[in-house]
Amino acid sequence: MGLDRRGFITFLVGGAAGTLFTPVPWKLLDDVSIWSQNWPWIPRLKYGARGVTPTTCKLCPAGCGLDVNTVGKRPVTAEGNFDHPLSQGGICPLGSAAVQLLYSPSRVKGPLKNNGGKFESISWEEAGKILADKLSGLKGSGKVACISGDENGTVNEVLAGFLAALGSSDFYFMPGDASVYALAWNKIMKGQGQIGFDLENSDCVLMLGADLLSSWGTVVRNQKVFGQKKAKFIYAGPVQTGSASVADKWVPVLPGKEGALALGIAFFLLNQGKTCSARGFGPFKDYILTNYTPSKVETLTGVPARTIQKIAAELLSAKKPVIVSGSDFGQGSSSLDIVAGIFLNLLLGRLNQPGGLVALPEMQVVDQVPGLTRLRQNNLVKFIADVQDGTRQTELLFIYEANPLYALPQNAQFATALEKIPFKVSFSTFLDETATRADLILPAPHFLERLDDAYTPFGAGSITYSVSTPVIEPIFDTRSTPDFILDLAKKAGLDLGFSSFEQVLQAKAKKLGADWEELQAGKAFVSRNNVAQLSVDLPGDILSAGLKTPSSGYPLNLVVVARPYIGNTRLATTPAGVVTIRENELKGKDFYVHMNKATARKLGLRQDKKVKLVSSAGECKALVNVTETVMNDVVAAPLGFGHTAWDDFSKGKGDNIFNVLTVAQEKGTGLYVWNNSRVKVVKA
């Protein structure tokens, strides 16, 4: 019997797990413990009853279920919850470090006030009074804004409802493909509900830039589907990412041209008689057949016309195909990329079908909120530009579990805009880059210390609601952010309809028809209800955007690759993650960028050469790694390095690739896009 790629990976994982259960490493560890047991600084174990507390991870948007092992009611390790539909026993590098992060040296240990550039400790009562005074003259002014880094929590309803009660609609999510899908599906195409993907029942999954098996959407659940070997996985993207390296087929395509590839595939499907009932189908079809011919798409994307035709044939021969569009690192996509991917699903009749694209109902309980779908369409990058040039006046900015000063393209622009906002409040668990520039830091508890939730994480194929229950009492002087906001609203005479965050979550459970007690016990509520679509629009005015060719001022395409063990846009590298970083990713304090041999030869570069990536936005320093996992004229860089805050595990390691990402406005929508940034590489 042969050993295929998936079987080989399973073999490796099994071998690693088997090593943990052999006596040799544990004997060696025992010898080490005996040798070092008298060191005075070693923490002493606390003995007590062993237990397991189920909860929901809030370290990334995937919403995985965790089982937290406790000793004497103190958490010691986290592992995947086998009964949770989004984890099924699996766990990602961030989730596995959840307990470790409880004791991170970068945690904010209590409320802090910025006093002339130095932070001083204050009480929660004093913090509340400061904010009440700031808000007293802002009611109805529209000069209060909020940025949230939580993609699926009901805390967003509390924050957005509080702003609405103050007369402001300036609530913004951190950029991500979830927001681009909301713009493309809900606003441009006039679709209803939240888009998801029923991967479990698909037999062919085409990933157009979306790194499903490494960093995109419900990652652990996606990996579980892949491991079942029921579907063929095809990855189209410029770099051999985690998905590309294990997929059944990798199709190299130039960055930012995944939408053009989708329309090139549509050309063949349309010629096979495929159709759909969407409004505007006729002109949409005619434009594709005229402008996205095989030869033209080959020039645009770098994908041979014959390969495009083969992909179309594979989708036609599959019984339950699904197409997932997105970017390699989950943000900066164009609406054309998303519309084109959705269009392929419509042509194949895959909307609200088993194994296809699904439209899931949204759910909210705070009446003041205009709708999370609408809020996701709010453009944070435009807000920053407006603040910077003075066309928008903002007096007070709340920032919840987000690090925009690190994780936004052209982040120097945000730093300038931030200085123009008189008062900034950071609700952050950790002392990140943005928190260090705030006027007030009001620390949120670690998710293992607080009540929280996750409603249908982006990419999920069904309604999935789960609650994050406290595993341990707060270690430091922290407080639940939504409870603090509800209390602040009450003191300001604003009625959000609830007096505690627990009441908000109970109301959501009741509206869903979920059992609150079961949710608290770790059981996820699942429903396969979809939102019926009478019809959707096909926007022909955005199709020309895919035909645009890049300027020659910056000759190389830049690709950002997300690697969870390094960190994400919210979290820096965890102490446990440090030991997983490869030698071709970080050397000393320099991080690596990756290019193939032909590109390196063209630039006169070799392995380990020091270089600078330069764009119109800025520059960053790096070392060169030569690898054939990258397309010609493409340079790939990992996300997660270059922190100037946090702790010694991550601070000062490498450079921040966001420094060189450039923003362009998409024709026809005005959406800001940075998934097709271009750079030049010069010797340092």
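How many nonpolar, polar and charged residues are in the lining of the second largest pocket? By class, that lining has 11 nonpolar, 17 polar and six charged residues (Ala, Val, Leu, Ile, Met, Phe, Trp, Tyr, Cys and Pro count as nonpolar, Asp, Glu, Lys and Arg as charged, the others, Gly among them, as polar).

Before you click: this is a predicted model, where local features need pLDDT of at least 70 and side-chain atom pairs pLDDT 80 or more, while totals for chains, interfaces and linings use all residues. Residues are numbered from 1 along each chain as its sequence is written, and side-chain values use heavy atoms, with hydrogens and water left out.

**Stop two: Thr218.** Now go to the loop between β9 (204-208) and α8 (219-227). Thr218 sits there, buried at a relative accessible area of 1% (buried means under 20%, with a 1.4 Å probe and protein chains only). Show neighbours, and beyond four places in sequence you'll get contacts with Ala62, Leu86, Pro457, Phe458, Gly459 and Ala460 (heavy atoms within 4.5 Å).

**Stop three: the rings.** Pick Phe398 and Phe427: their ring centres are 5.8 Å apart with planes at 40°, so the pair is tilted (centres within 6.5 Å make a pair; planes under 30 degrees apart are stacked, over 60 edge-to-face, the rest tilted). Phe398 is in β14 and Phe427 in β15, 29 residues apart. Both are buried.

Methods. Helix = DSSP H or I, 4+ residues; strand = E, 2+ residues; numbered from the N terminus. Buried < 20%, exposed > 50% of the residue type's maximum accessible area, 1.4 Å probe, protein only. Phe/Tyr/Trp six-rings, centres within 6.5 Å; stacked < 30°, edge-to-face > 60°.
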